[in-house]
Every structure is written in C-alpha cells, then in structure tokens.
Amino acid sequence: MSNAAEAVPEVINLSAGEKGFVDEIKALGATHILDCIQCAKCAAACPMALAGFPFFNKRVIQAILLGLKEMLLDDTSIWACQSCNRCTEVCPRKVNPFEVMQAMRRVAVREFALPTLAIEGIKSLYDVGHAVYLAQAHENRVKVGLPQKPPSTVAHPTALRELQALLEQTALSDLGIIPMGKSGVKESCEV
Amino acid sequence: MSKIGVYICHCGENIAGAVDIAEVKKYAGGLPGVALVRDYLFMCSDPGQDLIKQDIKDGLVDRVVVAACTPRTHEPIFRKAVEDAGLNRYLFEMANIRDQDSWAHWHDKQGATEKAKKLIASAVAKAALLEPLTDRYVDVTKAALVVGGGVAGMFAALDLANMGYKVYLVEKKPSIGGNMAKLDKTFPTNDCSACILTPVMVQVGTHPNITLLTYSEVEAVDGSIGNFRVKVRRRQTYIEWDKCTGCGACVEACPAKVPDEFNEGMSNRKAIYIEFPQAVPKKAVVDIAHCLNCAKRTFGTQPRIHSKTGEPILAPCEKACPTGACDRSLSYNPDGEIIELNVGTIIVATGYKVMDKAPFKEYSPQSPNVLTAMQLERLLSATGPTEGEFKRPSDGKKPKTVAFISCVGSRDKNHHPYCSKVCCMYMLKEARLIKEKYPETNVYIFFIDVRTGGKDFEEYYTYCRDLGIKIVRGRVGAVDELAGDRLRVRAYDVDMAAPVELEADLVVLATAIEPSPGLEELGRRLGITCGSEGFLKEVHTKLYPVETPVKGIYIAGCAQGPKDIPESVSQARAAAAAAAVPLTAGKVLVEPLISEIDAEKCSGCGLCVPLCPYSAIGMVQHGDKLRAKIDPALCAGCGVCAAACPSRAITLHGFTTAQIEAQIEALTFSGGDLNV
C-alpha cells in the first residue's frame, strides 16, 4: 500500500526512541504490553492488517516497545481499528492488543495527532450521539416508512444531553478539539 | 548341514513400509542351509524373541539370522535370546535391513526389497560358517580417571569418589573450576556462581579418594575397559607446590605483565600467578614464556653474589616467597613429569571454549567496547577486572545503551552450524543483571530466535521482558565505530518490517560455544570420534548418551555438545553412574571377537605390529624364530592386522576370511541387480 510506504521511514533510529514511553502506555490502560513476544497471532486475525494499514496491532506494540512514539503519531493507522476485539480473543499471552490500541489513541489525542476524520467523528458523536451519522438519510428513511431519525440518542434530546454531559467530563473537553458546552450541565450528569 | 533360521522383523512400518516382507520371506526360504523363515511385527519384543527360542528348543534351527534394525543397539538382545535357548551366542548373525536399507531407500520399495534379499543372503552365507566362541572376563582396576576439572568433571569425580573408588582428576589449567568459575551469576536462579561452585571445588580438593592433577594433560591412553593405562603429563610449574601456601607474595613482587586469561584478557596478570583468588589448589605457577628472569635469575642457575654485601642477588619472586617454594636455583625439567595411572574407566569432561570475537569483522571486533559475553561476564563479576563495577573498557564510563547480538558464530554455516543452546539464556541473564543494577540503562537484545526451553526458563524470559529489556528480532548486520567511542548497530527489525539503527556505548556478542581446543586430538588418543561440529560423539543420542564407542570411556558436559550447568551436572552424574558399573562388578566381559595369530603360518614379517592401533601385537620367540603374538587383553577386534597379513596367518574370530568371502560371494554372485 502506498500509504504504508510513506509512513515508514527508511531507517528507524532506535536511539531516538522515547524512554519510558512503554510505562506511559501501561499507565494509559495497556497494562500487559510487556508480555508481548511478537508471535503475530493478533496480526493474523486483524482486519486492519488485511486492509493494509501499516500499524496494525502487533506492529503498534513493537513500535511502542521501542519507544517510537513520533512514528506512530505521524500515521493514522491506529484510528482504523474497528474494535472487533479479535486480537484480544486470540492473544495467547493475554496482552490485550485492543487496549494497547486504545492507550495509543489516548496519547494521540493528547498530542492532537488525530485525523480530520476522527475529529468529525467526535464532533458528530457530541452533536447527535453517533460517530457516523448521515443526516441525508432522513428522506430515504421516511420514504421506506421509517421515522426520520433512528430511535437512538439522536431522537431523544434528554439522552443526547446526558451523553454530552458525559463527554464534557472527559479529557476531550479540556483539549478543546471540538466545541463543547451545549448541554448546559457542567458538574454533574443529572440533566 | 547347518539348520539356519531366518527371522525377518517388520519394525512396525519402519521396514515393512518399504520392504515387501512376503517376497523376501519366500526368497530367504530358498537360500542354502535355511531351515525355516519367520517374520514378526517386532522381533525384539518378548513374543518375537520367543519365536526364536522356541525354534531352537524344538531343534528346528541351530544358527540364527535376524534381519532387522541394527546390531549397534539390538545385537546384544538377540545374542542373549539365542544363548537363553541353549545355543552358543556367537551362532547368531544380523542383517541390517532397516538403517542400511528401508530407511535409506524409502522411496524405492522395489530396490529396498531386492537389497533386503541380498543382505539376508549375505548374512545366511556367513551364518553357515559361524563357529561357537567363548566369552572371557577380565578383572577391573577399581579406579577412574576424569579428564577435565570443570563443573561436570568435578561432579563426576565426586560421585565416583563418594562411592569409594579412587579417582584421578586431570585438569589442564592450574586450578579446577573451569568456565563456571568465570561466571558472575547463573540462570535461571541468578545464584552467584562462585558461591555455589567454590564449596564444590573445596570438596574435590580435599576428598581423600580424589587425586587432583592440575596443570596436567592426558598424553597417551592404552589398554581397554577395566585396565586402561594412562600417561599424564604434569606441566612444569617452576614452583615447589609442596611448599607453596598460595600466599601470593611472589605474585605481588613480579613485575611482568601478561593478559589475564581468567579475565578474558580484560586485565593483566603477572608472569608468576595464581589463576584466580578462589583457586583449588591455591598454588602459584610461573608462565615461563613471559618470565623476565629478573636479576638474571633463569631457572637452574646459582645467584650472583652482591659485590658489596656478599649476599646472593635473588629475583623479586624468590625474595618474596616466605616458604622457599620459589627457588630458581633448582633445575626444573621444562617438559614436566609423566605420571602413569592405571584405571578401570575414564570420563571425559573437557568442557568448552567461548568463540573469539575476532572473526566477526562486521561487528568491529577491534573496538574495546565490543565484548564477548564471557568478557562481559568478567566485567560484571565482583572478582573481575573492575570488581563488578559496570564500566566500558575504552574510557571507564558507565554505558548508557548496551546492545546484545545473539547467534554470533552459531547457526552460521561459516562458523558453527549448530545452536549453542545457552546464549539466549546468558544474554537474558546479563541483560537482566545490568537492568536490575542500573535500571536507567537502555538494553537491547537483537535475536533471530529466543530459545528458552527448560524448566523455569520461560518465566525468566518473561521477567526480563517485564524489566523493559527491548528485544528486536533481526540479526545485526553491522556494528560501526563512531566518533566518541560510540558504536552504531545496524539491523533489520522483522517485527517493524524496517531497517533499524541504534547508537550504543557497549556491544556484547553472544559468541558460540566451541569444543575445547585439542578435543579432537584427545579423542584420537582415546579412540573416540568427534561429530562434524567437533564435539565428542556418544554411542546413541537417546539411549546411551554418556557412552562412547570405546567401552569404559564415558563423556559428560560440554565435551559432548553445548549445555547449561544443570544439564552438565546431570550428565556428569549419569556418566559417573555408568562408569561405576564396571568398577562395582569387578570384572568385565570381553567379547571373543578378537584376532589370533597362527604362529605356524606367520612369516615374522612384523607388518602387523606398527599397524595395530591398540599396541596389542608384539614379536615373541616361537621355536627358533620371532613370530607375532596378539595380547588378547588389548586386542579390540578391529581387524586391521587380519586385513594386512600377507601370510593370512591372522584370524579375526567372528569375521574369518572364509566368512567374509562367503558374504561377498552371496552379495555379488547370486544373481539379480542390486539397486544401491
């Protein structure tokens, strides 16, 4: 994949690896990352790897172990994880590669290293309660006899406010990646 | 006419899968002298052997041919069956239709079947001419020799000594202890090597049944099981060991400096030295090649007299020696002395050598900061050149980044094609020792496989990973020297699928485990061969792991192949048990398959005398002429003399000329193409 070729520099300088990065990732939820022995069972089950993303589970883990933070931040692969959790199911060392992916995302968000697509997703989640939501689908839904909005958060203003209140309590709100503050509830989840 | 019984073994599918048993059976039935033919799934099983016994008891057969696996493992079993049934055990012949036929020609069933027929025909032809022979027994000298004073040799010696046998322990170096004495810690428990080894060394040194012969080498061995005669050369120490107390005063006085072998050349020792502080025996030796002969005091000369004081001018070492052990007026024999030993059994435990870094030009071996793992071991050891402080050799600074490179010279067809087995573990151990003591150090291990097979080893590996030691799959391609004593390690990270490079302060090469220098020569003296990798070969990998083809000689430890300490000790104790069997029995069976000279036919040419590898042939007076005579106690039945004798005066019993010729005839003249 051409994307991969661009993302991987010619020679990786291990000396430039960030010391203590593994500890940070561990603290962010990937508690058992050091148990990984790169057996690649997770990669064999990973749809991301099949789709050709350069940093799939196993490779993300190795890059983290080597402290190659910048390299991971320069690439959008980690955002392609579909959370299918197959890696976690098959891992023979109980590393929980999905948690590693999540921890890496936490680092990426903190460093504002997230793709536009992800920002749109977060904004959409905050606005309507869906990371992926097609407002254009309203007409079609009506045509086939469905309510204009699906019977989820988007159709329930109270639920949406609850969700927004929750999101406002997270690190996302402090980072200011998307505008927040619509819920009008600052300190509690009660709406 | 003899009544030969032919018994064809299927060896499960091993033989029957390639050889058409029914066809071979039919063919064998038609061979001259064959009274009956039987086949069975496993001829060596109880029911299989019962077939043979019953036929003998019923008087149906008086000669037995078993066509099966190999005489190497199974001849004794069938001989015993024949004997149990009341027949002489030497009226038995084996046709090897498995190792030499079905296994070798698995994909040519037709050819394998034809070859089986030939091999059986040949065995039958010989069987017809077999004659009964009588076993002999020889008395056993109740003493043993252990060659090599490392951890394996020491445990073998201790076990035999504790059983009550006299043991001679021969060690090349001035002290016992071997490679283990050089180690800092030992995996998988991280025991301090010296702490667990020193008491064992002391036990060996003080055991009443053990005679320690250090600074000595085996020069020649003759005789056979039960009665080996061994010549040991005790090298010249130039010190009277009876008087030397190991105080070290001479060492302090000596001005000469020589790279210290014990510290892997990482520091200097003196020309007069004690190998290491915990040495057993703790005695000094003079390295005569590097002795400066201070005050013109060469050995064997009288001191000059000081013109003013009238006192003799002594060399610093002899001046310092409080006991007079260092006396340079004595004229020592530079060749040392020969000690002759009589022993019943021998254990070879000569250990290993760590491969040198010099051949690996791509890893900058000229850099003082590129070390072998054994050098690092000394660097980490409290008794080492830095007293355990972790400093890099070039500038004495503490390394911030250390890179280990695995499989240096191992799994490498240019050097050693085998896996050295202990490197993964010792790299992890050294990495762990560094990381535990200096957690801020960056430690990288570049590997092609991490092999941690063994009790508690995987746990050890996992623990090392948990410490944050970075493990990169990919053999290093190059180590370049950079300015400021830095080193650049270049590799390909298979897991990242990208080339990587690393700037390191210290690079450690996990160099291969090699056979000890001179092992092949020692093997020749003992009559044991080395495998292609240079280690001594055991008789059978699985069933006879400590036995050698020479009866009464056993092997233990790394002389046989790379091993860790637990394995070396286990094998040493196994070898001691095996070596004790003949000593306990007090007598050993000598097969009568030896050569004999017909003095009437012998022309006295003497050709056989120098040919005999066992020095078993001498010339004796026979009537008015000198004739060759074979000492049956020494003859090993190799047959060299019988093949060389121009008068055909020598008979190798069990392999007579008539028998061999009958075999050849059966193989070559009985028709059909032999597809081999």
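Below is a short chat about a predicted model with chains A and B.

Visitor: Hi! Which residues does each domain of chain A cover?

Guide: Hello! The domain assignment puts domain 1 of chain A at 16–110 and domain 2 at 116–189. Taken over C-alpha atoms, the centres of domain 1 and domain 2 of chain A are separated by 28 Å.

Visitor: Thanks. On to chain B: what is the strand order in the open sheet that contains E20?

Guide: That open sheet of chain B has 5 strands, ordered E20-E27-E21-E22-E23, and the pairing is parallel. Strand E20 (370–372) and strand E23 (470–473) of chain B are the edge strands, each pairing on one side only. On average, neighbouring strands of this sheet are turned by 25 degrees against each other, direction ignored.

Visitor: And how many bridges link E21 and E27 there?

Guide: There are 5 bridges between strand E21 (residues 401–408) and strand E27 (residues 506–511) of chain B, in the parallel sense. One place to look is B:Val408, with B:Thr511 in E27(B) opposite.

Visitor: Nice. Which strands does helix H12 touch?

Guide: Helix H12 (residues 423–437) of chain B packs on this sheet and touches E21, strand E22 (442–447), E23 and E27 of chain B. The direction of H12 makes about 170 degrees with that of E21(B). Another helix to look at is H11 (residues 373–380) of chain B, which lies across E20, E21 and E27 of chain B and runs at about 90 degrees to E20(B).

Visitor: What about the sheet with E10 in it, what order do its strands take?

Guide: This one is an open sheet of 5 strands in chain B, in the order E10-E7-E6-E18-E29, with parallel pairing. Strand E10 (210–213) and strand E29 (553–555) of chain B each have a single partner strand, so one side of each is left without a neighbour in the sheet. Neighbouring strands here are turned by 20 degrees against each other on average, direction ignored.

Visitor: Which residue is the bridge partner of B:Val170?

Guide: B:Leu213 in E10(B) is the partner. Strand E7 (residues 166–170) of chain B pairs with E10(B) in the parallel sense over 4 bridges. Helix H7 (residues 151–162) of chain B packs on this sheet, touching strand E6 (143–147), E7, E10 and strand E18 (345–348) of chain B. The direction of H7 makes about 165 degrees with that of E7(B).

Visitor: Now the hairpin: how many residues sit between E24(B) and E25(B)?

Guide: The hairpin has 5 residues between E24(B) and E25(B), and B:Gly484 in the turn has a positive phi of about 75 degrees. Strand E24 (residues 478–481) and strand E25 (residues 487–493) of chain B run antiparallel and are joined by 4 bridges. B:Asp480 stands opposite B:Arg488 in E25(B).

Visitor: Last topic, the interface. What area is buried between chain B and chain A?

Guide: About 1,900 Å², with carbon and sulfur atoms giving 52% of that. In residues, 24 of chain B are in contact with 23 of chain A. B:Arg465, B:Asp495 and B:Met496 supply 34% of the area that chain B buries against chain A, more than any other three residues.

Visitor: Where does B:Asp495 find a salt-bridge partner?

Guide: In A:Lys58: the two side chains meet in a salt bridge at 2.4 Å, N to O. The interface of chain B and chain A has 2 salt bridges. There are also 13 residue pairs in polar contact between chain B and chain A.

Visitor: And which element gives the largest share of chain B's side?

Guide: E26(B), with 6 residues on the side that touches chain A.

Note on methods
Residues numbered from 1 in each chain as written. Chains lettered and ligands numbered in written order. Predicted model: local features only at pLDDT ≥ 70, side-chain atom pairs only at ≥ 80, totals over all residues. Heavy atoms only, no water. Pairing = 2+ DSSP bridges. Helix = DSSP H or I, 4+ residues; strand = E, 2+ residues; numbered from the N terminus. Axes fitted to C-alpha atoms, helices over the stretch in contact; angles between N-to-C directions. Contact = heavy atoms within 4.5 Å. Domains from an automatic or database assignment. Buried area = accessible area lost by both parts, 1.4 Å probe. Salt bridge = Lys/Arg side-chain N within 4 Å of Asp/Glu carboxyl O. Polar contact = N/O pair within 3.5 Å; in protein donor to acceptor, adjacent residues only side chain to side chain.
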